[in-house]
Amino acid sequence: MKVNFTLNGRAVAWNVEPGTTLLEALRAKGIVSVRNGCDGEGSCGLCAVLLDGKQVNSCQLLAAQAQGRAVLTVDHFSKDRGLSVVQQALIDAACVQCGYCTPAVTLALHELLERSPEPSHDEVRDALSGTLCRCTGYEQFYNAARIASKRLKDPSYAEAAAPEFRPDLRHVGKDREKVDAAALARGERAFVEDRVPADACHLLVLGSPHAHAFIKKIDISKAEAMPGVVKVLCKDNCPDLVYTTAGQGFPEPSPHDQRMFPRKLRYVGDRVAAVLAESLEEARAALAAITVEYEILKPVLSIADAKAPGAPIVHHGDVSYVVGEPPAGSSVKGDGRDDPIIYQFPLHADPHRNLAASVSDGIGDMDQGFAAADVVIERRYKGNRVQCTPMEPHVAYAKIDGGRLVIHASTQVPWHVRRIVSRVIGISENKVRIIKERMGGGFGAKQDIVVEDLAGYLAWTTGKGVFYRYDRREEFAASRTRHGMEITVKLGAKKDGTLTAILMRLDADTGPYGQHCLTVPMNAISKSLPLLLCDNARFEVKSYYTNLSPAGAYQGYGAPKGSFALQTALAELAAELGMDQLELIEKNRVRSGSRIEILRSLGEGRPGSPVTLGECGLGDMLERGKTAFAWDKAKPSAKDAGLSEDWKIGRGGVIIQQGSGLPGLDAANAEIRLLADGTLLMLSGGADLGTGLDTVTAKAAAEIMGLDMADVSVISGDTDITPFDKGAYASSGTYFSGNAAVRAAEDLRDKCLAVASGILGEAVKDLKIAHRGLIKGKRGEISLAKLAHLAIQGEGHHELSGHGNFKTDHAAFPYGAHFAQLAVNERTGEVKLLRFHAYQDCGTPINPALAMGQIYGGVMKAVGHSLYEELLFDDEGRPLNTNFLDYKIPSVFELPDDFRVELVPVADEVGPFGGKSVSEIALNGAAPAIAIAIHDAVGAWCREWPFTPERVLRAMGRL
Amino acid sequence: MVKDYVKPRSLDEAFEALAMPGSIALAGGTFALIGEVHGTKADIERAVDIGGLLSEAVERRGSELYVGAGCSFQALAEAPAAPACLRAAALTMANRNTRNRATVGGNLGANKSCASLVPILLALGAQAEYKLRDSGPRHIALEQWLAAPQGLVLSLSIPIVSGTRAASGRASRTSCDLATATVGLAFRLEGNAVRDLRVALGGFGPHAMLFPAITALFEGKSLPPKADIEKAVEPLLSALSDKRGGADYKKRRGAVLVADALHAAEVLA
C-alpha cells in the first residue's frame with residue numbers, strides 16, 4: 001500500500017506492507033537514527049520520532065498511520081551534517097556515550113524546548129521519561145537542556161561541563177568534544193545494524209524450551225527444504241569441538257565447555273538449531289518446521305541444588321586438562337553422551353559435582369584472629385542475577401570479502417573474537433577480520449563471543465552475508481548476566497573496632513557454562529578485601545554450574561557483590577560495637593603508605609605479592625562526604641525532606657576500589673602515523689564501547705604532538721588495521737590502551753625530532769614540539785606538515801609513524817567513597833533515594849565530564865541493581881522477565897534529587913598522564929550504601945538485593 | 001502479523017471491518033503488534049485505524065465532564081476541564097512518548113488489571129457511551145461495560161458533583177513500570193461521616209473494578225486512622241504472586257493505597 005506523508009520536511013510516498021511498523025519502514029529507507037531497543041514494546045523510546053510535533057514511539061505505529069502526517073527524525077536536525085542547538089548541547093554536556101539513545105534524546109529536548117523554551121527540572125524529566133539510557137545515568141541531560149535553552153536566546157552561551165585538571169597540559173584534564181560524538185548525535189551510520197545490506201541473510205536460533213535436556217531426536221529436513229533457506233544447523237552438523245565464549249587472554253581461566261550446538265541442553269534458550277534464510281520471515285517459518293524430541297532432565301536451579309549430594313550433573317562429559325592434573329578425588333570420566341570439558345589449567349574444579357572452579361587462600365592465622373576478637377559476627381548476603389541490558393543487543397554481520405571472513409561486530413574484544421572464531425571454524429587467523437563498530441553499550445556482556453561464532457561459521461561455510469541480532473528476549477535469556485552469589489562474611493574485632501579477622505566465603509552460580517566462572521567471583525574478593533587492613537584474612541570461593549541463564553562479565557565483574565557483602569557486614573559490626581559506621585571504616589581502611597598483605601593471595605592466577613600503597617585519597621573523599629551529609633549532626637527529618645511521617649530518613653557511606661586492567665597479564669598496542677599535512681592518524685587496538693576511549697587516545701596524541709584534537713583521527717578495534725589489544729574489560733581502557741597511545745605518540749615525537757634534527761641541523765636535545773605542530777630549535781623551526789611532506793617525498797625517510805606497547809606489573813587502584821541518603825516508607829517498604837554522592841579518584845581525569853558521565857551511569861546501574869533489577873526464573877528454570885516491561889532498569893525518574901559526582905584525583909605514577917580507571921568502580925558503592933542507609937532509617941538489615949519494598953517490609957518484620 | 005490495514009471513513013465502516021475475524025481497532029499506537037516478543041503471539045490479521053473517528057474532546061458539559069475516547073492520555077493530563085485527580089491519574093501512564101499516543105478508549109479496550117486511569121473513572125461514576133455494529137450509541141455504567149466489554153467506547157461522561165472528594169493512587173516498582181496496584185475513590189463528607197463512597201482498585205482481579213465490600217466498611221462512618229483502614233481493607237483483597245511481588249505484599253500495598261487515598265481525597269474543583 002502507498003503512504004503519503006511528510007518526512008523531515010519533504011513529501012514522500014512510500015510503498016509499505018500493511019503490517020510494517022513506522023520504525024521498520026524508516027530503517028528500510030535508510031533512516032538509521034531510529035533504533036530498536038525493545039522490539040516494539042514501547043518501553044525504551046529509542047525509535048522515537050516527532051509525529052506532528054509530538055514525540056512518539058515509531059515501533060508501536062504502523063507506517064500506514066503516518067498517512068497525511070508530518071514525521072521528523074533526528075536527521076532533520078542533522079541536515080548537511082550540521083548540528084542543532086540541542087545536539088551540540090548534548091555533546092558539550094558530555095551526554096553522548098554509546099550514542100544509541102542520543103537521537104531520541106535530541107528529539108525529546110527539541111520537542112520540549114518548542115513548547116517550553118525555559119523548561120523546569122520537572123519538565124525536562126517528563127520530556128525524557130520515555131527514553132531509556134543505560135550509559136549516562138541521565139544526570140547530565142539536565143545540563144544539556146539548560147545549555148540548549150540558554151543558547152536559544154544567546155548562541156554564544158557556554159558553561160563548563162566539569163572542573164579542569166592538570167593546568168600544565170593543554171588537552172588532558174580538560175573537556176574536549178568526544179571524537180565520535182557529532183556523528184552519533186547526528187544519527188549517522190555507526191552501528192553494526194547500519195552496515196547490513198538489504199540482501200543479507202537472516203539467522204535465527206531455536207532455543208531450548210527446557211533448562212536441562214538431551215535431544216533424543218531432531219529433524220531439520222523439512223526446514224532445509226523450505227523456500228529461502230540457505231542452511232540449517234544443529235548438533236549433528238556443526239563443528240565438533242568445545243570452546244569458551246569468554247573473551248579473555250589465552251589460555252583462558254574459563255573451561256572450554258561449550259559446543260556450538262551442545263549435545264545436552266543446559267538452559268532455557270540454549271542452542272538447539274539455527275536457520276539461515278534469505279529473509280526473516282523465511283527463517284521464522286523454517287525454524288517452526290524443525291521438530292525435536294527432548295529427554296527432559298531434572299534441572300539445577302540454585303547454588304543449593306548444585307551442591308546437594310546426588311544433584312543432577314550439569315556437565316557430565318569427559319574432563320581433561322591441557323596443563324596440569326585434575327584435583328585429587330575429582331571425577332573426570334564422562335557419561336559418554338555429554339560434551340567434553342577442557343580446562344586450560346587447573347581451577348580446582350570437579351564438574352561432575354557441579355563445581356566449575358574454586359580457590360581459597362589467605363594470610364595470617366584465622367583461629368588466632370577470631371580468638372583475639374571481643375566481638376564476632378557472621379552474616380550471609382545474597383546478590384541475585386542482574387542483566388547488563390545494553391540498549392543495542394548482541395549483533396553481528398558476517399560476510400566473505402576477498403576470500404576472507406569479515407565480521408562487523410559489537411564487541412569489547414575484537415582480537416579474542418578473531419582467535420575464537422577462527423578456531424571454531426577451523427581456519428587460521430589471517431583469514432579473519434573483525435571490525436568493531438560503534439557499540440550501543442556493552443557493560444561486559446559483549447566481552448563474550450555470543451553471536452559471532454555462529455554468524456562467522458555460517459558466512460564462511462555458505463559464502464552468504466549473515467545478519468544475526470538478538471531480540472530483547474534473547475538478550476535477557478541467552479546473553480550474559482552477573483553471576484548470582486551468596487557470600488558469608490565473618491568478622492572479628494576488638495572493642496575499639498580494630499579488625500582481628502576477616503573471612504569471606506563465596507558461592508557463585510555460573511550458570512550452564514563456565515565463562516568467567518572463577519574470575520568474576522574472585523573479583524568480589526580481590527576488589528573488596530584489600531580495602532581493609534587486617535593481619536588475618538581468608539577467602540574461599542566456589543563457582544557452581546546450574547541450569548539458569550548464562551553468567552559472565554558485567555561492569556565491575558564480581559566487585560559490586562563483594563563490596564555489598566563486606567561493607568554491609570562492616571556496618572553491621574559497627575552496630576554491634578555501638579560505633580559510627582564511618583568511624584569503623586576509618587579505623588581499618590587502607591591509607592597512603594599502607595602495606596596491603598592480602599594481595600599476596602590475590603594474584604589473578606599468578607603468585608601475588610604485597611603492595612605498599614602510594615598516595616590514597618580515601619581520607620579526603622570520606623571527609624568530603626561527611627561534610628556534605630553533615631555526618632556529625634543529626635539526620636534531617638522526613639519533614640525536612642518534604643515527606644510525610646510515614647517516611648524515615650537514613651544515610652550510609654562506604655569505601656570502594658577497583659583495579660586498572662590486569663597487571664602482568666594484559667597488553668595493549670597502538671600505532672600513530674604522521675600524515676602529509678601534519679595531522680595524525682591514531683590506530684588504536686582499544687575497543688571503545690561508548691566510554692570515550694578513542695577520545696583518550698586522541699588526546700594523548702594531540703597533547704604529545706602539540707596539535708589540536710581535530711588534528712587527530714582515531715581508528716580502533718579493527719584487527720586488520722590496528723595492532724593487538726587485549727580488549728575493553730577489567731577497567732583497562734584508559735590505563736592500558738591509553739598508555740599504549742601515549743607510548744606510540746612519544747615514539748612518533750622522538751622520531752620527528754630526530755628527523756627534524758637532521759633537517760634543521762640542530763641537536764635533538766635543543767628541539768621541542770610547540771603547539772600547532774611546530775618543531776622549534778634554537779635557530780630554526782619546521783612544521784610537522786613540512787616534516788611529513790619531506791619524509792614522504794623521498795628525502796631519505798619513510799612515512800613517520802610511532803608504535804607503542806603497554807604492559808605492566810604495576811597495580812593502580814582507583815578508590816572511592818559513596819554516600820547515600822534515602823527515605824524508607826515504614827508502611828510500604830518503598831525506598832526513595834534522596835541524595836547520592838560519588839567521590840572518586842581516577843587519577844588524572846583525562847576527560848573530566850566524560851569521566852563524570854561514566855560514574856553517573858555506573859551509579860545508576862548499581863541503584864537499579866540495588867532497588868529494582870532481578871532476573872527471575874520459574875521452578876523449571878524459565879526466565880520470567882525478559883523484557884523492559886517486566887525487568888525494570890532505572891529511568892530518569894529514579895534519579896536521586898541530589899546526585900553529585902566529585903573527582904578527587906590522586907595521580908598514578910604509571911597511568912597515562914597520571915590517569916587510572918574510572919568506570920567499573922562506580923558500581924561498587926550503591927548497594928552497601930543503600931543497605932546501610934535503610935538500616936539507619938528503619939533498623940532493618942536487607943541482606944538480599946534488590947531491596948524491593950517487599951523485602952524491606954519482610955526485613956522490618958512487617959510482612 | 002498484520003496483513004491488512006483499513007482506514008474507515010465512518011464508524012459504520014469501522015464496525016464492518018472489525019466484524020471480520022482477526023481484526024483489531026487501532027487509534028493511537030498499540031502494544032498488540034509485538035506478540036512474538038512476549039510469546040503471546042496475537043492472531044492479528046487486520047488493523048482497523050479508527051483514529052480520527054473518535055472525539056478527542058475533554059470538556060465540561062453541564063455538571064458532567066465529557067471525555068472523548070480518542071483523547072490521548074497526555075491531552076487528558078493537560079486538560080484544564082478535568083479535575084486534578086483525573087489529570088494525575090492520566091499522568092501516571094508509562095511515559096510521555098506513550099501518553100502522546102495512548103488513548104482513553106484504547107486503555108478501556110485493553111481492560112488491564114493494572115490500569116491506572118480506570119479506578120478513578122469508576123470511583124467518579126463514569127458512564128460509558130459505546131456503540132455496537134448496526135445500532136445507535138448506548139450508555140452504560142463504566143463498571144458494567146468493563147465487566148462485559150462490547151463494541152467501541154465512544155466517550156465517557158463523568159459526573160462532577162459538588163462536594164465530592166476524590167483521589168487516585170498507584171504503586172509500582174519504578175515510576176514507568178506497570179502498576180502493582182492502583183486505586184481511585186470518591187465520597188462526600190456529611191459532617192464527619194463518609195457518604196456515597198465508591199472505591200475501585202486495579203491489580204486485584206482480571207480488570208480494575210469497584211469494591212463494594214470496602215465501601216461498606218466506611219460508608220456512613222467517620223474516617224478511621226490510616227492504620228485501621230489498612231487493617232480492615234487488607235483481608236478483603238486477593239492477589240496473585242507474580243513478577244511484581246508476592247500476594248501478601250500486594251494486598252498490603254493495596255490497603256495502604258486505599259488508606260492514603262481516603263485521607264488525601266480533595267474536593268473536586
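Two residues are taken to be in contact if their C-beta atoms, placed from the backbone, lie within 7 Å. The structure is a predicted model, in which local features need pLDDT of at least 70 and side-chain atom pairs count only at pLDDT 80 or more, while totals for chains, interfaces and linings use all residues. Residues are numbered from 1 along each chain as its sequence is written, and chains are lettered from A and ligands numbered from 1 in the order in which they are written.

By the contact criterion, A:Ala701 touches A:Ile672, A:Leu680, A:Met682, A:Val712, A:Ala741 and A:Ala745, with residues up to four places away in sequence not counted. A:Ala701 belongs to the largest nonpolar core, which has 406 residues; a nonpolar core is a set of buried Ala, Val, Leu, Ile, Met, Phe, Trp, Tyr and Cys residues joined through C-beta atoms within 7 Å. A residue is buried if 20 or more other C-beta atoms lie within 10 Å of its own, exposed if 12 or fewer, and partly exposed in between. Within this core, A:Leu203, A:Ala701, A:Ile934 and B:Leu185 touch the most other members. Helix 19 of chain A gives the most to the core, with 13 residues. Helices (H or I, at least four residues) and strands (E, at least two) are DSSP runs, numbered from the N terminus.

Helix 19 (residues 733-760) of chain A also packs with helix 20 (residues 784-792) of chain A, their axes coming within 11 Å and crossing at roughly 80°. Axes are lines fitted to C-alpha atoms, for helices over the stretch in contact, and angles run from 0 to 180 degrees between N-to-C directions. The two helices of chain A are therefore roughly perpendicular to each other, the class for 65 to 115 degrees; angles under 35 count as roughly parallel, over 145 as roughly antiparallel and the rest as oblique. Helix 19 of chain A contributes A:Cys752, A:Val755, A:Ala756 and A:Ile759 to the contact, and helix 20 of chain A contributes A:Leu784, A:Leu787, A:Leu790 and A:Ala791. This contact has 8 nonpolar, no polar and no charged residues, where Ala, Val, Leu, Ile, Met, Phe, Trp, Tyr, Cys and Pro count as nonpolar, Asp, Glu, Lys and Arg as charged, and the others, Gly among them, as polar.

Strands pair if DSSP finds at least two bridges between them. In chain A, strand 17 (residues 375-383) runs antiparallel to strand 24 (residues 484-493), to which 9 bridges join it; A:Tyr381 stands opposite A:Ile487 of strand 24. Strand 17 of chain A pairs in the parallel sense with strand 41 (residues 944-945) over 2 bridges, and here A:Lys382 faces A:Glu944.

Chain B holds an open sheet of 5 strands in the order 12-11-10-9-13, with antiparallel pairing. Its edge strands are strand 12 (209-210) and strand 13 (266-267), each pairing on one side only. Strand 10 (residues 181-190) and strand 11 (residues 193-202) of chain B are joined over 8 bridges, and B:Leu185 has B:Val199 of strand 11 as its bridge partner. Helix 11 of chain B lies across strand 9, strand 10 and strand 11 of chain B, at about 35° to strand 10.

Between the chains, the contact takes 35 residues from chain B and 43 residues from chain A. Elements of chain B that each supply at least two residues to its side include helix 11 (247-264) and helix 5 (96-101). The side of chain B that touches chain A has 12 nonpolar, 12 polar and 11 charged residues.
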